[in-house]
Every structure is written in structure tokens, then in C-alpha cells.
Amino acid sequence: MNKASDKEKRAGRAARICSLALIATALAVSGVPTAAQEKAIAERLLNISADNFEGDAEQGAMSLRGNVKIEYGGMLMESGAMELDNETGEVSAEGDISVTREGLEFKGCGFKYNYKTGEGSLKAASARMEGMYFFSGNVAIANESVAMSDVSASTCPLDASDYTIKAKRVELSQDGRAKFNKISFHFKDRRVMSWPSYTMRPGGRRDAGAGSGVQYGSWIFSPPSLGYSDVGGAEIRSGVARARAKGDTVGLYTNYYFREGFFTEARWQKPIGDFNATLRFGKQFKENRGYFKYYSPETVWNSPTAELKMPQKAYRGARLLVDGGLEAGMLKEDHLDKAQGRAHANVNAKYILNPKKKIQHALISDLRLGLYKGWERYRVIGSGLETSFAFGERRNLRVQYLMFNHNGDTPFDTDRVNTNNKLFVYADHKISKRTSLMVDMQYDDDLKKFDEVVLGGFRQYKCVEFELAWRAKRKMINMSMSIRGPEGR
């Protein structure tokens with residue numbers, strides 16, 4: 001009992017000596033500290049705890065053993081054994097160590113850090129940030145950033161991942177921005193593609209092209225890249241954007257389609273709570289979402305148009321699901337002589353009548369309201385019933401029937417809704433552990449014919465999903481790949 005007390009006394013004495021030494025230095029430089037100075041001093045104190053101390057803090061060098069914790073300037077270092085030199089400011093650990101800084105935790109070995117200069121390094125380090133797993137052969141710690149070399153990353157643990165993203169270097173800034181250099185995408189052990197660099201701001205909602213590119217200061221330049229659109233054909237994409245301190249992004253993006261020519265658009269984007277706000281000015285392909293599955297996206301000119309989108313949210317114990325969006329501005333379509341004023345709102349809702357049942361029934365609705373030049377109004381209300389069947393873990397069937405009520409008209413084809421009564425059928429069947437087949441049909445009850453039939457399948461791995469689908473009306477094949485999280489998200 002007395003022996004344990006002696007250890008506690010030595011630990012407390014060492015921690016106090018380190019803290020008092022730094023306070024004395026601060027007082028010598030600035031005199032009696034103000035409240036702001038006291039706060040700054042508290043953030044720069046060296047706090048130490050360990051089961052056993054060898055050496056003396058007054059002499060400079062100490063060996064710390066057993067449950068060692070050192071905290072300084074917002075950084076927490078934890079290991080079974082560490083060496084500390086108060087004269088030089090060096091902290092080191094040869095064995096396993098955990099280093100936490102700005103909420104990001106690294107685990108590795110071969111740790112060296114100088115708390116006076118704010119610089120250090122860590123070898124064979126792993127970390128997790130914003131749902132991504134990272135591994136780096138070497139981590140360099142600086143005052144304003146953390147740089148990782150020879151990096152592998154994935155949304156699944158790296159020892160059991162179907163794919164990895166590798167980079168020669170990744171730099172994490174204090175503002176949350178991550179810059180990747182010399183990136184390659186690998187499926188299993190095969191490299192699929194590579195590109196020079198990519199910059200992202202974790203946690204922000206962004207357009208697919210808003211964050212990619214080479215960064216110079218706060219500007220992000222997207223080098224030309226190739227793609228394919230079933231509407232415009234082969235395309236070349238490029239752009240320049242500026243990531244601002246408030247979390248918003250301003251950019252100018254250009255797509256050249258071999259069939260359609262140049263599409264240039266200025267775009268401002270900002271997350272606002274649960275919403276994503278976008279201001280567009282320029283030319284884009286816009287898809288009609290009014291139950292015309294066989295319609296191709298239409299060319300529109302935003303002059304400009306503001307958007308506010310709300311992802312699906314759950315209410316009433318997850319029985320009520322709601323999503324929607326709001327758009328307002330000046331819009332021109334191909335058939336219009338000039339841009340016209342437009343405001344459009346869309347809300348989708350689903351209320352589950354018997355949750356936790358294998359066969360679930362739900363009330364569904366789709367409400368749309370458009371206001372145009374001269375207060376012309378176009379209102380569509382769709383309401384109906386959905387029934388979902390779960391046949392074990394291998395087969396699912398979902399059937400929806402929607403009836404519509406509408407009045408007024410719209411000058412914009414992209415707002416128009418097919419208001420015939422509709423029957424929707426979706427089914428999937430798991431034929432193996434990873435592979436499923438699916439069918440997605442839309443039937444027009446007024447015309448007594450199918451609007452669209454989609455047949456396809458998808459193959460799932462732990463973190464990657466491949467999909468192949470045939471659309472009968474458009475006589476086209478869609479192929480896609482998506483990255484999934486460790487829980488299948």
C-alpha cells in the first residue's frame with residue numbers, strides 16, 4: 001500500500017515539476033498573465049502519468065513505464081513505455097503507441113516527437129478518419145498538418161478489404177482538408193486506374209467533381225479527365241474550384257461532350273445543417289423525375305438557379321420517412337426562346353402502417369408544386385399504397401400503386417409528371433452469397449402497357465458493388481461500380 005503511494009507521489013511530483021517549469025517560463029516572458037494568456041498557458045502544459053518513473057524531471061531525462069500518458073498542446077500520447085527529455089523537448093517510444101491529435105487517432109511504433117518544435121514522426125501507422133481506414137509507412141507531424149507517406153486507404157479494414165486506394169503522400173490540414181498525391185485504385189491485387197491528385201474536405205456534402213483536383217493554396221484545379229455519358233457520348237471534364245473557410249465551395253466546371261459540345265457551369269455549394277444548398281449558373285443536363293423512365297436528360301440553362309435538397313429523414317420512430325427539395329431561379333430549356341422564372345418544390349413521404357412485420361404496408365405520397373411566369377401554377381399530388389414482401393434473406397418484392405391528381409400546366413419539360421395511374425414492381429433474388437438478380441418494372445394502368453422494364457444483376461463484395469442492367473425501352477446497358485462501407489452502406 002505504501003509502495004503504491006510512493007509511485008503516485010513521484011508521478012504527481014514529476015507532472016507538477018513539468019507544469020510549473022513551463023508556467024515559470026511564461027511568467028518570466030510576459031509578467032502576470034491575463035485570462036487569455038492563462039488559457040493559452042494551460043493548453044501548453046506538459047501533463048504526465050505513468051506507473052513508474054525513472055530519472056528526475058529536474059535533471060531533464062526520464063524513463064516512463066506502464067500505462068504512460070503524456071498530454072501536451074491538444075496532443076495525447078499513450079504507450080507502455082516512453083522516454084522524455086525536458087531539456088531538448090524530445091519524447092520517444094520504440095514499441096506500440098497511440099497518438100491522438102484533433103480527434104484523429106494514429107496507432108504505430110517508432111515514435112519521436114519534440115513538443116518544443118511541434119515536429120515528430122511515427123512509423124507503420126494506422127488511423128481511421130470519416131469512415132476511411134488508413135495505413136502509412138511513415139507519418140510526419142508538424143504544427144499545422146500531418147503528412148503520411150506510402151498510404152493505403154479503404155472504407156473497410158485493410159486486412160479484409162476488396163479494394164484499396166493507394167497514394168504516395170497524403171497531407172491532412174487542421175481545417176480538415178486532405179490532399180492525396182499520386183493515387184491509384186486497386187481491386188484485389190490489380191490496379192484499375194490512377195490519377196495525379198485529389199483534394200477533399202471530410203464531412204462536407206459535395207458534388208462528385210467539387211473536391212477533386214490539384215490544390216494550390218485554396219484553389220483546386222481539376223486536370224482534364226475522360227468519361228462517358230449515354231446522352232452526350234464520350235466526354236472530357238475539367239474545372240477549377242475554391243474551397244472557402246466556411247465550408248462552402250465556389251467553382252467553374254466544363255464538360256465537353258462529343259455529341260453535344262461544351263457544357264460550362266459556375267457552381268456554389270454549401271452544407272446547411274441537414275440540407276445541401278447549390279447555386280448554379282450555366283448549362284447542364286437535367287433529368288426529369290416525373291415517372292418518365294425512358295426519357296433522356298434534357299439540356300437546360302440555369303440563369304441562375306438556386307437549389308436546396310433534403311436527404312431522407314425519419315420521424316415518429318422511423319415510421320415516417322420524408323425527403324424533398326426546393327428550386328428557384330431563371331431556367332431555359334431547348335424549346336423555350338428565353339429563360340423564364342421558376343420556383344419548384346417536391347416532397348416525398350412514406351408512412352409504414354405495420355412496422356417490424358415481414359409483409360409491410362405503407363402509405364406513400366409525392367407532392368409537387370411549380371410556380372411560373374404570371375403566377376401560373378402546376379400542382380401534382382400522387383398518393384397510393386406500397387406493400388413489401390421479404391421471403392427469407394434471399395428474395396424481396398416491393399409493389400407500389402400511385403394515383404395522381406393535378407391541375408395547371410408547366411412550360412418546363414423537366415418539371416412535367418406522367419400523371420397516369422402507375423404500378424411499380426421491384427424484385428431481387430440472391431442466387432449466391434455475392435450475386436443477386438433484379439427486375440424493375442413500371443406499368444401504365446391507363447394505357448395498359450409497360451413504360452419501362454429494367455433487368456439486371458449486381459455482385460457485392462465487402463466494400464465494392466458491381467451492377468449491370470438492361471433497359472428495354474431505351475435499349476441500353478448500364479454498368480456501374482460503387483464503394484460500400486464496412487456495414488454495407
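Accessible areas are calculated by the Shrake-Rupley method with a 1.4 Å probe, and for residues only the protein chains shown count as cover. The structure is a predicted model, in which local features need pLDDT of at least 70 and side-chain atom pairs count only at pLDDT 80 or more, whereas totals for chains, interfaces and linings use all residues. Residues are numbered from 1 along each chain as its sequence is written, and side-chain values use heavy atoms, with hydrogens and water left out.

**Figure 1. Overview of the protein chain.** The protein chain exposes about 27000 Å², of which carbon and sulfur atoms supply 55%. It contains two helices and 30 strands; helices (H or I, at least four residues) and strands (E, at least two) are DSSP runs, numbered from the N terminus. Of its 489 residues, 39% count as buried, where buried means under 20% relative accessible area, exposed over 50%, and partly exposed in between (1.4 Å probe, protein chains only).

**Figure 2. The nonpolar cores.** A nonpolar core is a set of buried Ala, Val, Leu, Ile, Met, Phe, Trp, Tyr and Cys residues joined through side-chain atoms within 4.5 Å. The largest one has 38 residues, and Ile70, Met77, Phe106 and Phe111 have the most contacts inside it. Strand β3 (residues 61–72) contributes the largest share of this core, five residues. Another core, of 13 residues, lies apart from it and includes Val300, Leu336, Tyr372 and Leu402.

**Figure 3. Surroundings of Phe111.** Leaving aside residues up to four places away in sequence, Phe111 touches Met77, Val91, Ser92, Ala93, Ile97, Val99, Ser121, Leu122 and Ile141. Contact here means heavy atoms within 4.5 Å.

Figure 4. Two strands pair if DSSP finds at least two bridges between them. Strands β27 (residues 435–444) and β28 (residues 449–460) run antiparallel and are joined by 10 bridges, with Ser436 opposite Phe458 in β28. Their hairpin has four residues between the strands, and Lys448 takes a positive phi near 55 degrees. Seven bridges join β28 to β29, also in antiparallel arrangement, and this hairpin has three residues between its strands.

**Figure 5. A nonpolar patch on the surface.** Leu455, Leu468, Trp470, Ile477 and Met479 form the patch, with about 540 Å² of accessible area together. Patches are made of residues with over 30% relative accessible area and no salt bridge, like charges being joined within 9 Å and nonpolar side chains (Val, Leu, Ile, Met, Phe, Trp, Tyr) within 5 Å; a salt bridge is a side-chain nitrogen of Lys or Arg within 4 Å of a carboxyl oxygen of Asp or Glu. Strands β29 (464–471) and β30 (476–483) each supply at least two of the patch residues. Leu455 has Trp470 in β29 as its bridge partner. Leu468 lies in strand β29 and is partly exposed, with a relative accessible area of 46%.
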